Amino acid sequence: MKKESEELVGVKEIARRANVSIATVDRVLHDRPGVSLKTKEKIQQIIKELNYQPNIVARTLASRKKLKFAIIMPASSEETSYWKAPLDGVLQAEQELRQYGISVEKYLFDQNNRKTFVKQTAALLQQKPDGILLAPMFVEESNQFMQQCRERFIPVVFINSDLPGQSGLAYVGPDLYQSGYLSAHLISYLVRPSDSILMLHITRELEMDHHLLRKEEGFRAYWQEQGYTQELITMHIGQTDTETIQKHLSRQLKNPSVRVLFVTNSRVAAVAKVLEELDRTELLLIGYDFLEDSIAYLKKNVIDFLICQKPQEQAYLGMMALYDKLVLNQPVKSVHFMPIDIITRENYLFYNN
């Protein structure tokens, strides 16, 4: 790493070659106004020729401006531990960013309660963060929040799901349509001509979970393109407790043609529990996310496949996108799709979120 004195020599040399002041070079390095286009291009060419790399640590510390990032995402709960992984990604990034004078404030809400989202976003905005990492859940409320962020010129990075009709600084997460498309492709190898497929959306408010509907859209597109004729039954279960899931499943499983169950989110373990209690573990079960309870059912051969998209890495990369923009002043890729991984009993030991 360059020492601060070494970097100053570099800036002096750039200024000498360009026949300008050090302050002018500093304006170009920080993309500040007050430099003519001709002079700016000249300085940038000299920077390129010298392969000059500014000492970001020294620059940030010297600026004495402490950047503040904020995250707003659901809290992990008894209902699902999915959100622990993104929070781990945030904590990983926070450890690395601390040396640059960046603090991270965390605002967690109840994914089943819109009011908690509104309350937390209001508290977040009062702290005037420099950048925000957002896991959008409630579409209307998230749209209103994004409008407030735009009015304050606060860059926002989406993770886990994008937000229809909204564009933030970046989106880091799965290609939801392709995720559903791949799921259908996988299931096509498992079904027989006489089988029916039961697609389960287990969520309190399906309209707020547009990402589940995008998966269904991709699934149906593959099925239609391939000309498959097996019946596809879609069910929305609006309560997430075991008793409610069992009541709905018991009714559907009276249909002897139902042989494959596809759960569009991380609540596949709840379905596995019900199948075990009903002694119907011969059915093929596919769902999402690398969680402890799901892995336990995968090991017991109740869940056959898990589709995983690295939620911890999503959050980490989202935080680093804010760092790239606000500290390095580098362009940020607007969309970063995560890999779509298929996890089985044979390979789960080698997978990391």
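Q: How should I read relative accessibility for Tyr323: does this residue count as buried or exposed?
A: Tyr323 counts as buried, because its relative accessibility is 8%; buried means under 20% relative accessible area, exposed over 50%, and partly exposed in between, with a 1.4 Å probe and protein chains only. Please keep in mind that this is a predicted model, in which local features need pLDDT of at least 70 and side-chain atom pairs count only at pLDDT 80 or more, while totals for chains, interfaces and linings use all residues. Residues are numbered from 1 along each chain as its sequence is written, and side-chain values use heavy atoms, with hydrogens and water left out.

Q: How many aromatic pairs does a search of the whole structure find?
A: A pair of aromatic rings is described by the distance of the centres and the angle of the planes. The search finds 15 aromatic pairs, where rings of Phe, Tyr and Trp (its six-membered ring) pair if their centres lie within 6.5 Å, and planes under 30 degrees apart count as stacked, over 60 as edge-to-face and the rest as tilted. One of the pairs joins Tyr100 and Tyr323, which are tilted, with 5.1 Å centre to centre and 35° between the planes.

Q: Which parts of the chain does the pair of Tyr100 and Tyr323 link?
A: Tyr100 lies in the loop between helix 5 (84-97) and strand 2 (103-109), whereas Tyr323 is in helix 13 (residues 311-326), so the pair links distant parts of the chain, 223 residues apart; helices (H or I, at least four residues) and strands (E, at least two) are DSSP runs, numbered from the N terminus. Tyr100 is also buried, with a relative accessible area of 15%.

Q: Where does the charged end of Lys215 sit?
A: The charged end of Lys215 sits over the ring of Tyr288, 3.6 Å from its centre, and this wording requires NZ of Lys or CZ of Arg to be within 6 Å of the ring centre and within 35 degrees of the ring normal. Tyr288 also belongs to an aromatic cluster whose members include Tyr181, Phe219 and Trp223. In another case, the charged end of Lys310 sits over the ring of Tyr351, 4.4 Å from its centre.

Q: Which residues of helix 5 and helix 13 meet?
A: Contact means heavy atoms within 4.5 Å. Among those that meet are Ala85, Val90 and Leu97 in helix 5 and Ala315, Met319 and Tyr323 in helix 13.
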